[in-house]
Amino acid sequence: MAHAYTPGLKVTDLMTIVKKRILPLKGQVVVKAGDIVNSDTVVARTELPGAVEPINVANILGVPPQDVPEAMIKKIGDRVTEGEVIAKSKSFFGMFSASSKARISGVIENISAITGQVLLRGAPVPIEVKAYLNGKVTAIFEKEGVEVTTLGSFVQGIFGIGPETHGPVKMLSKNNKEVLTEKEFDSSCKGCVVVGGSMITAAGLRKAIEVGAVGIVVGGFNDKDLRDFLGYDLGVAITGNEDKGITLVVTEGFGEIMMAQKTFDLLRRHEGQEACINGATQIRAGVIRPEVVIPKTEMLNKLGKESPDAAENMGLVIGSPVRIIRQPYFGRLGKVSALPSQLMELESESKARVLEVEFEDGKRSIIPRANVEMIE
């Protein structure tokens with residue numbers, strides 16, 4: 001029963017990372033299988049239909065709906081520009097006239113003799129999907145997108161905000177206990193993925209945006225500061241679409257929680273190397289974790305060969321590093337010191353499988369297995 005635990009976060013120095021880059025609707029794939037791509041390489045593109053603008057031509061012209069088709073100067077499929085006359089009517093032997101103009105530039109999509117309305121379809125919105133990773137195109141999905149594969153270091157966070165971005169790793173904290181404030185940020189952080197220790201303050205986050213940092217990776221963040229920064233409560237919605245000028249990846253939890261030493265050391269070893277990060281998070285069904293990927297493009301020739309992540313995950317064993325994900329020890333790190341097989345009665349009088357965790361300060365506690373996640 002060692003497998004009875006909440007799946008954990010991956011923190012690994014080398015693994016195969018595969019990402020599907022899919023268009024929101026069918027379009028054109030612009031790369032080939034085997035192509036080497038970088039974060040900004042466009043791999044597929046399409047166009048989203050423009051917005052529809054209804055115009056009540058019958059009311060504007062003062063004619064019955066059935067007369068609208070005859071009053072139209074423009075026909076279905078014709079392109080028009082904003083302010084162009086699309087329909088005109090005359091009355092009293094041509095002495096008086098009324099006209100209807102296009103409110104947007106686009107195409108006449110429909111003319112209704114029943115409602116008297118004309119529908120204008122605005123210009124299509126171009127959409128491009130980029131590779132996100134420095135890697136190799138390993139599969140093509142016709143008219144839909146591609147699969148990009150790379151070898152590299154991989155860190156999953158517990159929470160994040162902000163879209164996909166990339167930049168060189170820059171360490172601003174000397175250890176995993178330091179708090180990032182506005183004092184640590186300067187112009188040298190521009191374009192970088194900045195790594196801190198236990199937390200970043202609200203003032204520090206604003207300063208990071210001011211100096212042009214593209215990403216922050218830190219142990220914790222104050223939930224009140226997050227609410228003030230976003231201007232709303234997140235609830236259980238998916239994040240990743242916030243347009244705040246920066247992407248934040250929190251590796252441990254809310255509050256001042258030092259980054260796991262393993263995570264901090266991994267990021268420090270890769271200072272100066274390109275990191276691809278994504279703050280997208282979903283904590284309900286279909287869990288999505290924020291992530292930091294540091295591709296090792298010099299190892300792409302080893303793709304397809306057995307790599308360090310090929311071994312089967314054997315679940316919890318004595319010595320497995322874990323994080324507590326519920327109170328009263330939320331966010332604390334430790335290692336499994338015992339795995340009793342029998343059920344144990346909890347304070348709620350229910351019975352559950354438990355484990356013993358030894359925390360970093362040497363103290364031990366019995367924790368329900370459902371209340372931990374393994375750091376892989």
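Which element gives the largest share of the lining of the largest pocket? Select α4, residues 223-230: it gives 4 residues, the largest share.

This is a predicted model, where local features need pLDDT of at least 70, side-chain atom pairs count only at pLDDT 80 or more, and totals for chains, interfaces and linings use all residues. Residues are numbered from 1 along each chain as its sequence is written, and side-chain values use heavy atoms, without hydrogens and water.

**Stop 1: the largest pocket**

A pocket is an open set of points on a 1 Å grid over the protein atoms alone, where a 1.4 Å probe fits, with protein on both sides within 12 Å along at least five of seven lines; lining residues have an atom within 4 Å of a point. Its volume, the space filled by probe spheres set on the points, is about 500 Å³. Now select Ile158, Phe159, Phe254, Thr281 and Ile283. Of the 24 lining residues, these lie nearest the centre. Helices (H or I, at least four residues) and strands (E, at least two) are DSSP runs, numbered from the N terminus.

**Stop 2: the second largest pocket**

This pocket holds about 370 Å³ of space. Select Arg21, Tyr132, Pro163, Glu164 and Asn278, the closest to its centre among 19 lining residues.

**Stop 3: an open sheet**

Select β5, β10, β9 and β6. They form an open sheet in that order, with antiparallel pairing. Two strands pair if DSSP finds at least two bridges between them. The edges are β5 (52-56) and β6 (79-80). Finish at Val80, which stands opposite Gly106 in β9.
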